[in-house]
Amino acid sequence: MANWKVIETVSGNIEAVSGPAAHGRPSKHEFLVWEGEAADKAEALKCAENADTRVDLEWMRIRHERDLNIR
């Protein structure tokens, strides 16, 4: 399990980051959607999807992350 942050950028994109990439996030022009423990990126995005309707895991799977596992 790792600590993940799901961030909405100023352009409206959603990012899931952990480790060194998560340090200092969200920045001035970003919004924290969800933060917590998750096993992987797919689980972090699923938790964020449950917390905020702006996160659409299926859309992200189709557009960006085809390898996200369906849970």
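**Fold and packing of the predicted model**

The secondary structure of the protein chain consists of two helices and three strands, where helices (H or I, at least four residues) and strands (E, at least two) are DSSP runs numbered from the N terminus. The model is predicted: local features need pLDDT of at least 70, side-chain atom pairs count only at pLDDT 80 or more, and totals for chains, interfaces and linings use all residues. Residues are numbered from 1 along each chain as its sequence is written, and side-chain values use heavy atoms, with hydrogens and water left out. Along the sequence, the elements follow the pattern β-β-β-α-α.

The three strands form an open sheet with the order 2-1-3 and antiparallel pairing; two strands are taken to pair if DSSP finds at least two bridges between them. Strand 2 (14-18) and strand 3 (31-38) stand at the edges, each with a single partner strand, so one side of each has no neighbour in the sheet. From one strand to the next, the twist averages 20°. In general, the strands of a sheet pair through backbone hydrogen bonds, in either a parallel or an antiparallel manner.

Strand 1 (residues 2-8) pairs with strand 2 in the antiparallel sense over five bridges, and lysine 5 has valine 17 of strand 2 as its bridge partner. These two strands form a hairpin with five residues between them, and glycine 12 in the turn has a positive phi of about 95°. The antiparallel pairing of strand 1 with strand 3 runs over seven bridges, among them one that joins glutamate 8 to phenylalanine 31 of strand 3.

Helix 1 (residues 41-51) packs on the sheet and touches strand 1, strand 2 and strand 3, contact meaning heavy atoms within 4.5 Å. The direction of helix 1 makes about 130° with that of strand 3; axes are lines fitted to C-alpha atoms, for helices over the stretch in contact, and angles run from 0 to 180 degrees between N-to-C directions.

Of the 71 residues in the protein chain, 37% are buried, a class defined by under 20% relative accessible area, with exposed over 50% and partly exposed in between (1.4 Å probe, protein chains only). The chain exposes about 4,600 Å², of which carbon and sulfur atoms supply 51%. Among contacts with a separation of 6 or more, 43% join residues 24 or more positions apart.

The largest nonpolar core has eleven residues, including Trp4, Val6, Ile14, Val33, Leu45 and Val55; such a core is a set of buried Ala, Val, Leu, Ile, Met, Phe, Trp, Tyr and Cys residues joined through side-chain atoms within 4.5 Å. Strand 1, strand 2, strand 3 and helix 1 each supply at least two residues of this core. Strand 1 is mostly covered, with five of its seven residues buried. Beyond residues up to four places away in sequence, valine 6 touches Ile14, Ala16, Val33, Ala44 and Ala48, among others.

Glutamate 8, found in strand 1, is buried, with a relative accessible area of 16%. Its contacts, not counting residues up to four places away in sequence, are Asn13, Ile14, Glu30, Phe31, Val33 and Arg54. Glutamate 37, in strand 3, is partly exposed, with a relative accessible area of 47%. Glutamate 37 and asparagine 3 are 34 residues apart in sequence and 4.5 Å apart in space, C-alpha to C-alpha. Neighbours within four places aside, glutamate 37 is in contact with Met1, Ala2, Asn3 and Glu43.

Technical notes:
Areas by Shrake-Rupley, 256 points an atom, 1.4 Å probe, with all protein chains shown as cover.
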